[in-house]
Amino acid sequence: MARPYILPLPQCIDVDLTGGKAIGLAQLIAAGFSVPQGFCITTEAYIQCLLASGFREDKEWHKACALSGNERASALADCRTRIRQVETSQLAVQWRLALQTLSPPMNERWAVRSSATNEDRAQASFAGFYRTHLGVVPSEIDAVVKDLWASLWEERVVSYTVRQNHQTAPRMAVVIQPMVDAQSAGVAYSIHPVTGRSNQVTINAVPGLAASLVDGSVNHDQYVVEITHEGQPMRVRKRILAHHSQRLVVSKDGLQVEQFGDATHIQSSLTDTELFSLAQTTKHVEQVFGHPIDLEWAFDAEQLWLIQARPITAVRPSSNLTNDDCEWSRANFKETLPELPSLLSLSFLERFMNSHIISHYRRLGCRIPDGLTSVRVLRGRPYLNVTLFHILVVQLGGDPSQTTEQMGGEPLQTIPKVQPINGAALARAVWMMWAEMRRVERSGPRLFRKMKALATTYRRERILHLSVEELVLVLDKLGPWLEGRDVTFGIVGGVNQCLQIFNRFLPRWLGPDWRGLLNTALQGQGTIISAQQIVRLAELTDIARDEPATGTFLTSEPWEPAPFRESLADTKFLRTFDRYLEDYGHRAVGESDLMSPRLVDTPESILAIVRIQLISGAPSQKSILLRQGNARTAALARIKKRIGRRYHRWIIFLWCYRRLCRFFALREANRHHLMYYSTAIRNLLIRLGELLVERGLLHQIDGIFFLTGKDLANLLAGDTRDWKAVTKARRAERERNSAVKVPDTIRDWETASEQMVTSDQAEGSGILLGTPISVGTVAGPVRVIRSPADWGKVLLGEILVVPVIDPGLAPLFGLAGGLVAEMGGTLSHGAIIAREYGLPTIANVEGAMTRLANGQRITIDAGSGTICIEPSPLP
């Protein structure tokens, strides 16, 4: 039996004969949905018309697939030309008869659409590859049909087919339907097209016909409608309306653009009734098809019409918790990374979090929902998944309310349901955590020595002789070096263990001010390596006071620090200063970013601090140590007095206190020595960047930091991409990102870029509130620190106002009277340093960087977390 050239849409059941689009329309019709009546010119017509002209489509297809580059492009252009010249007069007779069987008059405008055999399939939809012609008159249909046949032979279609590993040559059917006089039209997705959320229908809409939406020539309204499990719309979760100045309509004269009046520019394309009806219909279609779909639709003056339905192939549906359902914070990352970390460091960050943090939770038996990640990036800024860590803490039986206090940021608003792990599994996790903490205490110091040795081994002067290939081998060896050695997780566990005990008992034992007492008791241990640099700077200042030549150089006006090595040659100060750089020169502001310059790169900034301390009469090293020791001793005495004769309580307190001190010291020692490890890698990368510039692969040495880890591997493997252009584009993107202020907390990732960062605190209140970090009350002028360029402006006793308590700011703590930070937690590295030094500090002060200005006088009470802004003096 001969295969037909023409079939009514309801009879389109064979995909090889009518293509994917016609099959979809037939399914919609069979399920009772409103579809414009029409018919299909089958693939048999395509095959026979081409064959009659001597065009063997299967032979030509395989020939084109075997070619590449210009040869393929030339062959396909020739095929398209031959197809457009095919004789189709007999076929025209049949489709004209089919037009007459439809109710619209013959002179009506028609929609002529592709329906290829590889189109709208579950494996690959080929969406956007083929053409649609709207507003076609009968006299144009013959040429339009051949144009759609020829569109099968576009280079992008062939290339995509080859990539999909499809062996069979696709064939083209054509669907012809009367035009819908659309008042509004667009596309609806039965699941969220980005997150795959199955309870969200996403709708894009424009006034008039949807052609302008599909080709991107106009902005569209965007809606997200939340759906119940039964498919009923609940609410419009998101509604973004575009400015519309025109719409595309069809008339007897064809397609026309109608201009709008000003009053309708921001009018919604759909009413809520239409939104809910469309969302419900979309989920119904999904049920009929048995998989997620995207639906092209149109509302005319009377009803909803479905124009086509195709499977969503790029996104998997999910009803589980997704990243977009989670809440995110910059707090933990912002303290040790610059505002805009390098791309290379971001790729390392994600790998570090997975390998050295999340993997440990998995090993303890925690269940991590599929698809959740610990890190996401918005406009170049990394965010930590607060929801995920809430889930992990609850599974292990911990108190999640302490997470925000320790990490900083805002508390979680949407609390997920979490099932704690069972008794036997929890006991196993506790035992494993104890074993890890014991390992950390035993092996930590040995690991730290090895990390410091790496920085010595890979000093710049020792690697200048290495070739690109040799540098790559060393980097490949250092990359996984921390595997099985890293102690970060065990240290965090030790600190949290002690704080959980203190949070449980100390409020009852010591009273409501227990946090302040404990923070004071943690001062001046002398074991926090990051805080020791403050005392070391005071030592340098003392030496400068005793050495006339050094004092003269540092206090000269105008001061020119550049020739300091020549001016201070053979002085005790310079020898001590070099030892300081040896011990702390590898630290930096934003030091977790490999691109951030180290203190040793800009020693003048440290000299400027010593100069200010010398001129302003900063405390001596001895007085600093005495003050810290007295404060600690007094606090411990008060704690013991409040505990009284309950000796078992004092024993418990001392055990936890000493253990907490040890783990705090380990925590800062770990960061300090990780920066040695980081410095070794940084030196190797900079040298590699120099050699890549010499080879002409990069424009600038720091271009290497604008590549991801995968990019760098591809470049070194011989990838011939224009890496200069890649890094140039990423520099430009970084500049654009720097002009954007992103929120510190994200609760709806989809709308994060639209969030306005504002302060809830009244502008005229004169009071700011935050989280107490290190107790003390102090008054003084404000000094806003935005970058290391502001370091030389700091005067003794000023209250530093910073975005976060970056541990790289520690050299300034010896000058500061107090510290105010927009973000930061009680366990942040900078907080531990401030507490060890005894610097009154308040963190999580929303809007501090904008509310407070240089020279403005404030009083901070770091016991209550209160900042009072003093009124400006009358002129």
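**The model.** I am working with a predicted model, in which local features need pLDDT of at least 70 and side-chain atom pairs count only at pLDDT 80 or more, while totals for chains, interfaces and linings use all residues. Residues are numbered from 1 along each chain as its sequence is written, and side-chain values use heavy atoms, with hydrogens and water left out.

**Valine 845.** I located valine 845 in the loop between strand 23 (841–843) and helix 29 (848–851). Helices (H or I, at least four residues) and strands (E, at least two) are DSSP runs, numbered from the N terminus. I then listed the contacts of valine 845, leaving aside its neighbours within four places in sequence: Leu768, Leu769, Gly770, Val820, Ala821, Glu822 and Ile867. Contact means heavy atoms within 4.5 Å. Isoleucine 867 is 22 residues from valine 845 in sequence, and their C-alpha atoms are 8.9 Å apart.

**Helix 14.** I found glutamate 436 in helix 14. Glutamate 436 counts as buried because its relative accessibility is 7%. Apart from neighbours within four places in sequence, glutamate 436 is in contact with His360, Arg363, Asp486 and Gly490. Tryptophan 434 also lies in helix 14 (residues 423–457). Its relative accessible area is 33%, so I recorded tryptophan 434 as partly exposed.

**Helices 11 and 12.** I looked up how helix 11 (residues 343–363) packs with helix 12 (residues 386–395): the angle is about 35 degrees and the axes are 10 Å apart. Axes are lines fitted to C-alpha atoms, for helices over the stretch in contact, and angles run from 0 to 180 degrees between N-to-C directions. Helix 11 contributes Met353, Ile357, Ile358 and Tyr361 to the contact, and helix 12 contributes Leu388, Phe389 and Leu392. The residues of this contact are seven nonpolar, no polar and no charged. Ala, Val, Leu, Ile, Met, Phe, Trp, Tyr, Cys and Pro count as nonpolar, Asp, Glu, Lys and Arg as charged, and the others, Gly among them, as polar.

**Arginine 508.** I found arginine 508 in helix 17 (residues 488–510). Arginine 508 counts as exposed because its relative accessibility is 56%. Arginine 508 and isoleucine 643 are 135 residues apart in sequence, yet 9.7 Å apart in space, C-alpha to C-alpha.

How values were computed: Buried < 20%, exposed > 50% of the residue type's maximum accessible area, 1.4 Å probe, protein only.
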